[in-house]
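Here is a short report on one protein model. Please read it with the sequence and the 3D view open.

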Amino acid sequence: MKQIKAHIAVSLDGHTATLDKELDWLPDEVKTIVGKYYLDADCLLMGANTYNYIFEHWGGWPHKSKRSFVVSHYDTNVTPDCGVEFLTEEPLQRVYELKQKTDILVVGGGKLLTSLIKAGLLDSLTIYTVPVMAGKGIGFIGETFGSHWKLSESRVLDNGVVCSTYLFGGSV
């Protein structure tokens, strides 16, 4: 079976973005590292909010060469000619089926990460803890009580960001 992995930056106070969905507090080094994983990925998976943010803030769809899937309640695909497919019906079942065939990288999305963890589909989670307090913002993850993770690697980057990779160890 293939792997579903996620790389996500989190402020010291547990936010992935400010209330106005800005990411200007992220160090360039983190953006570069995570961007390389996006480039190397076989397949991208994201929620509708992340999809819309990327399209609106990056001037179009930057991942045209990648198969990309968006988990959403509604198909609002504005990039159908760019390899983007919306998973609206039984999305977690579709993600499970995709996982049988290809490695998948999750792009942003605390709600999606929460759903994947609850379903036991996320294999690896790399968190970049940025030493900044975002104040109010978008929370990192929802309730995932009962999932167990094992630290496989941790290092400190030059700018004081702690990069920790955890492997899913099951549920209670």
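## Contacts of V70

V70 touches M46, G47, A48, Y51, V84, E85, F86 and L87, leaving aside residues up to four places away in sequence. The model is a predicted one.

V70 belongs to the largest nonpolar core, which has 25 residues. V70 is among the residues with the most contacts inside that core, together with V30, M46, Y51, W61, V84 and Y128. Which elements give two or more residues to this core? They are α1 (28-40), β3 (43-47), α2 (48-57), β5, β6 (104-107) and β7 (124-130). Helix α1 supplies the largest share, four residues.

## Helix α4

An α-helix has 3.6 residues a turn, so residues three or four places apart point the same way.

After α4 comes G120. The phi of G120 is positive, near 70°.

## The aromatic cluster

How many aromatic pairs does the structure hold? There are three. In one of them, the ring centres of Y51 and W61 are 5.3 Å apart. Their planes meet at 50°, so this pair is tilted. Y51 sits in helix α2, and W61 sits in the loop between α2 and β4 (67-71). The pair therefore ties together parts that are 10 residues apart in sequence. Both Y51 and W61 are buried.

Y51 also pairs with F86. Here the ring centres are 5.1 Å apart and the planes stand at 90°, so the pair is edge-to-face. F86 lies in strand β5 and Y51 in helix α2, so this pair ties together parts that are 35 residues apart in sequence. Y51 has a relative accessible area of 0%. F86, at 8% relative accessibility, also counts as buried. Y51, W61 and F86 form one aromatic cluster. Y51 and F86 are both on the contact list of V70.

## Backbone at E90

Most residues other than glycine have a negative phi. E90 is not a glycine, yet its phi is positive, about 45°. Where is E90 placed? It is in the loop between β5 (84-87) and α3 (91-99). Is E90 buried or exposed? At 61% relative accessibility, E90 counts as exposed.

## Cysteines

A search of the whole structure finds zero disulfides. A disulfide needs the two sulfur atoms within 2.5 Å.

C82 is buried, with 13% relative accessibility. C163 is buried too, with a relative accessible area of 4%.

## Annotated domain

UniProt, in an unreviewed entry, lists residues 5-162 as "domain: Bacterial bifunctional deaminase-reductase C-terminal". Over residues 5-162, the chain is 26% helix and 32% strand. The end C-alpha atoms of that stretch are 18 Å apart.

Technical notes
Residues numbered from 1 in each chain as written. Predicted model: local features only at pLDDT ≥ 70, side-chain atom pairs only at ≥ 80, totals over all residues. Heavy atoms only, no water. UniProt positions renumbered as here; feature names shortened; annotations may be inferred. Buried < 20%, exposed > 50% of the residue type's maximum accessible area, 1.4 Å probe, protein only. Core = buried A, V, L, I, M, F, W, Y, C linked by side-chain atoms within 4.5 Å. Contact = heavy atoms within 4.5 Å. Phe/Tyr/Trp six-rings, centres within 6.5 Å; stacked < 30°, edge-to-face > 60°.
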